[in-house]
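Trainee: I am new to this structure. Can we go through its side-chain contacts together?

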Amino acid sequence: MTAHRASVLIAFSFFLLMAAGCSVPDMQISQSFKEKATELPVEGRPVMRMSLLGKEKGFRFGPYQLQDIKRGWTRRTDEQDAFWRKVSEAYQRYTFAVQDTAQQKTWYVLAAALHSSSAVEVGGGLSASLDKQREFLQAQFQSPTSGVWQLALADPGNYMQRLNFKGSLSNGKEEIEIQPIYKWQRKSFPSDKNLGYEFSVNGEILATVQTMNTGKVWLKQGLSPDMQMVLASACGSLLLYDKLGEGE
């Protein structure tokens, strides 16, 4: 082993030890929601993904296992959808399977993100001009019970422009609003970039996902098994999403 390579390995090992010893606070979520939600820490998701070393490793939260993760996908979807027709422009594409190990159900999820595009239009009436939202993410999956769901985010990328954020999760009949969370727990100053997302209907929070650190998911208790799976699939999409090209 050369001296240079040895020094790189030592420096990297020191970094890992420092990272393990640092305690990073969770993001701030509604206390009233937290009291009636089930907390599902994410297990097996690396803080830094090293996909160049081989196939991306799966991870889980509660009974939900994310597996068969692939960057760049070949599954086809509805070509009439304007967003998917522009998918050749997407700098980020991925697909994965989410399995409910308790119910023994598996769904497949497609996702793609456009960056520095002039405008995008998708189903459900959500559109955005990317002069204010720097990136647009869409994910799609199908429930045998409630049909095809689309997650769509138009992200300005920073706290100061958070009012320009647009987010929804819809199957054409039901629509769930998605909002970014920028605030740390027990810290007065917000993060410049969002730390996670909140899913709600008419002000009632159904789920929250923390995407920073190794990740964490909160699901409201009492939801139907189908809605739990819908929200778990959406949260999985966001846990795999490299916001604004962070992983590129």
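Mentor: Start with a term. Buried means under 20% relative accessible area, exposed means over 50%, and partly exposed lies in between. Keep in mind that this is a predicted model.

Trainee: Is phenylalanine 61 buried or exposed?
Mentor: The cut-off for buried is under 20%. Phenylalanine 61 has a relative accessible area of 0%. Therefore phenylalanine 61 is buried.

Trainee: Which kind of aromatic pair do phenylalanine 61 and tyrosine 64 form?
Mentor: A search of the whole structure finds three aromatic pairs. In this one the rings are 5.8 Å apart, centre to centre, with 40° between the planes. Stacked needs under 30 degrees and edge-to-face over 60. The pair of phenylalanine 61 and tyrosine 64 is therefore tilted.

Trainee: What is the relative accessible area of tyrosine 64?
Mentor: Tyrosine 64 is buried. Its relative accessible area is 2%.

Trainee: How many residues apart in sequence are tryptophan 107 and phenylalanine 141?
Mentor: These two form a stacked pair, 6.0 Å centre to centre with 25° between the planes. Tryptophan 107 lies in strand E5 and phenylalanine 141 in strand E8, so the pair ties together parts of the chain. Their separation in sequence is 34 residues.

Trainee: Now the charges. How many salt bridges does a search of the whole structure find?
Mentor: One of them joins aspartate 26 and lysine 216, with the closest N and O atoms 2.9 Å apart. The search of the whole structure finds five.

Trainee: Why does the pair of aspartate 26 and lysine 216 tie together parts of the chain?
Mentor: Aspartate 26 is in the loop between helix H1 and helix H2. Lysine 216 is in strand E14, so the bridge spans a stretch of sequence. That stretch is 190 residues.

Trainee: Which strand holds glutamate 39, another partner of lysine 216?
Mentor: Lysine 216 forms a salt bridge with glutamate 39, the closest N and O atoms being 3.5 Å apart. The pair links distant parts of the chain, 177 residues apart. Glutamate 39 sits in strand E1.

Trainee: Is lysine 216 buried or exposed?
Mentor: Glutamate 39 is partly exposed, at 37% relative accessible area. Lysine 216 has 13% relative accessibility. Under 20% is the cut-off, so lysine 216 counts as buried.

Trainee: Which aspartate meets lysine 70 in a salt bridge?
Mentor: Lysine 70 is partly exposed, at 42% relative accessibility. Its N to O distance in the bridge is 3.8 Å. The partner is aspartate 68.

How values were computed:
Residues numbered from 1 in each chain as written. Predicted model: local features only at pLDDT ≥ 70, side-chain atom pairs only at ≥ 80, totals over all residues. Heavy atoms only, no water. Salt bridge = Lys/Arg side-chain N within 4 Å of Asp/Glu carboxyl O. Helix = DSSP H or I, 4+ residues; strand = E, 2+ residues; numbered from the N terminus. Buried < 20%, exposed > 50% of the residue type's maximum accessible area, 1.4 Å probe, protein only. Phe/Tyr/Trp six-rings, centres within 6.5 Å; stacked < 30°, edge-to-face > 60°.
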